[in-house]
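I opened this notebook to keep a record of what I looked up, and in what order. The entries below follow my reading of the coordinates.

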Amino acid sequence: MEIKQPELVYLEGENRCPYTWSTGETVGAFLTALRDHRKILGGVCAGCGTVIVPAVSYCEACASPVDEMREVGPKGVVMSWARVPEPFDDAPLPAPFRYVLVRLSGSDTSMVHVAPDDGRIKVGAIVTPEFREERRGSITDIKWFVPDGGQGGGDD
Ligand SMILES: [Zn+2]
């Protein structure tokens, strides 16, 4: 008896799912401070005192709620970085640029952001955020982190 292989059927389509997300009290305060005051707020954990940036509602270390907001930075230290030499879909910047892991002054955690492709962006480098003129309450209200002292110069 011959077993007939089933025919594979493929359907092509596209799912789009626009949505509105309520940021909540803690993330909302973080984003509002970026937009309205060009300030970066950390959330302070009620349980262990960790200052978390970007601020979130609950501590990843001990699961306690964040019950206080505290200004951090604006300067920070590059903890790690990666160069993006080629463009890719939905990249945050035209290539080349760098992803950076920045620990802001007064923060106990590091945040991922972007930086220009500048040779001064290295582990241990001091960087400062450059805010966009038009801000909308988003992490991208910080355009990028630039080497302390400004842009320009510096090669690998
Ligand atoms: Zn904690």
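Entry 1, contacts of one residue. I began with Ile 142, and, leaving aside its neighbours within four places in sequence, I found it in contact with Leu 34, Ile 40, Met 111, His 113, Pro 129, Glu 130 and Phe 131, where contact means heavy atoms within 4.5 Å. I note that this is a predicted model, in which local features need pLDDT of at least 70 and side-chain atom pairs count only at pLDDT 80 or more, while totals for chains, interfaces and linings use all residues. I also note that residues are numbered from 1 along each chain as its sequence is written, and that side-chain values use heavy atoms, with hydrogens and water left out.

Which atoms coordinate the zinc ion? I found the SG atoms of Cys 45, Cys 48, Cys 59 and Cys 62, at 2.3 to 2.4 Å, with donors taken as N, O and S atoms within 2.8 Å of the metal (3.2 Å for Na, K and Ca), and with water not among the atoms, so sites may look incomplete. The four donor atoms subtend angles of 97 to 118° around the zinc ion, so the arrangement is tetrahedral, a label that requires all angles of four donors to lie between 85 and 135 degrees. The donor residues are spaced C-x2-C-x10-C-x2-C in sequence. Cys 48 lies in the loop between β1 (40-45) and β2 (51-52), and Cys 62, 14 residues apart from it, in the loop between β2 and β3 (66-72). Cys 48 is partly exposed at 41% relative accessible area, and Cys 62 is partly exposed at 34%.

I count nine salt bridges in the structure, each a side-chain nitrogen of Lys or Arg within 4 Å of a carboxyl oxygen of Asp or Glu. Arg 98 pairs with Asp 117, with the closest N and O atoms 2.8 Å apart. Because Arg 98 lies in strand β5 (residues 97-104) and Asp 117 in the loop between β6 (111-116) and β7 (126-131), the pair ties together parts 19 residues apart in sequence. Arg 98 is buried at 1% relative accessible area, whereas Asp 117 is partly exposed at 27%. Salt bridges that share partners join Arg 83, Arg 98 and Asp 117 into one network. I also noted the bridge between Asp 148 and Lys 75, at 3.1 Å from N to O.

Technical notes
Tetrahedral: all angles 85-135°; square planar, octahedral: opposite > 155°, others 65-115°. Helix = DSSP H or I, 4+ residues; strand = E, 2+ residues; numbered from the N terminus. Buried < 20%, exposed > 50% of the residue type's maximum accessible area, 1.4 Å probe, protein only.
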